[in-house]
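Here is a short tour of one protein model, written for someone new to reading structures. Have a look at the picture first, then follow along.

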Amino acid sequence: MYTKIYQIKLTSLTEGKIAASYVAEELGGSIAKHNMTGLNIFLCKEGSLYVTINFDDISEMKAFEAGQEELFNELKQSFTCRAVDYAAVPVFRYEREATNAALSALG
């Protein structure tokens, strides 16, 4: 698995909320197109966004990077922000399935 991580620092929580909505709409609409296996968008109280996108194959991640350059350029033109991106390989990851927790709560 391969992960693309974006750290987008904005000047306020209000700008962060608007940017988060825009990023979620744009990236959420391209999940199938880029064969994403996971997408997380985090909003910090300072207004910063952290976006993690998972892929099974490095070629899918590279294709995504080439296709989404415009999205991040639009963010930089619309807001006073700074974006940094990283490529990483998860070393440890744990996520409890929501269905298991829901079933336990019912039982």
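Let's start in a loop. Phe92 sits between strand E4 (81–88) and helix H4 (98–106); helices (H or I, at least four residues) and strands (E, at least two) are DSSP runs, numbered from the N terminus. Phe92 is exposed, with a relative accessible area of 74%. Here buried means under 20% relative accessible area, exposed over 50%, and partly exposed in between (1.4 Å probe, protein chains only).

A word on ground rules: this is a predicted model, where local features need pLDDT of at least 70, side-chain atom pairs count only at pLDDT 80 or more, and totals for chains, interfaces and linings use all residues. Residues are numbered from 1 along each chain as its sequence is written, and side-chain values use heavy atoms, with hydrogens and water left out.

Now for helix H1. This helix covers residues 13–28, 16 residues in total, and reaches 21 Å from its first C-alpha to its last, close to the 22 Å expected at 1.5 Å a residue (the expected span is 1.5 Å times one less than the number of residues). Which residues of H1 are buried? They are Gly16, Ala19, Ala20, Val23 and Leu27. Looking down the axis of H1, you'd find these buried residues within an arc of 110 degrees, so they line one face of the helix; the arc is that of the directions from the helix axis to the C-beta atoms. Thr14, Lys17 and Glu25, on the other side of H1, are exposed.

The loop between H1 and E2 is worth a stop too. Ser30 is in that loop and is buried, at 5% relative accessible area. Beyond its neighbours within four places in sequence, Ser30 is in contact (heavy atoms within 4.5 Å) with Met36 and Gln68. Asn35 is also in the loop between H1 and E2, and has a positive phi of about 50 degrees although it is not a glycine.

Finally, how many salt bridges does a search of the whole structure find? Two, counting a side-chain nitrogen of Lys or Arg within 4 Å of a carboxyl oxygen of Asp or Glu.

| Salt bridge | N to O distance |
|---|---|
| Lys4 and Glu65 | 2.6 Å |
| Asp85 and Lys4 | 2.6 Å |

Asp85 lies in strand E4 and Lys4 in strand E1, so this pair ties together parts that are 81 residues apart in sequence. Through shared partners, the salt bridges join Lys4, Glu65 and Asp85 into one network. Lys4 counts as buried, at 4% relative accessibility.
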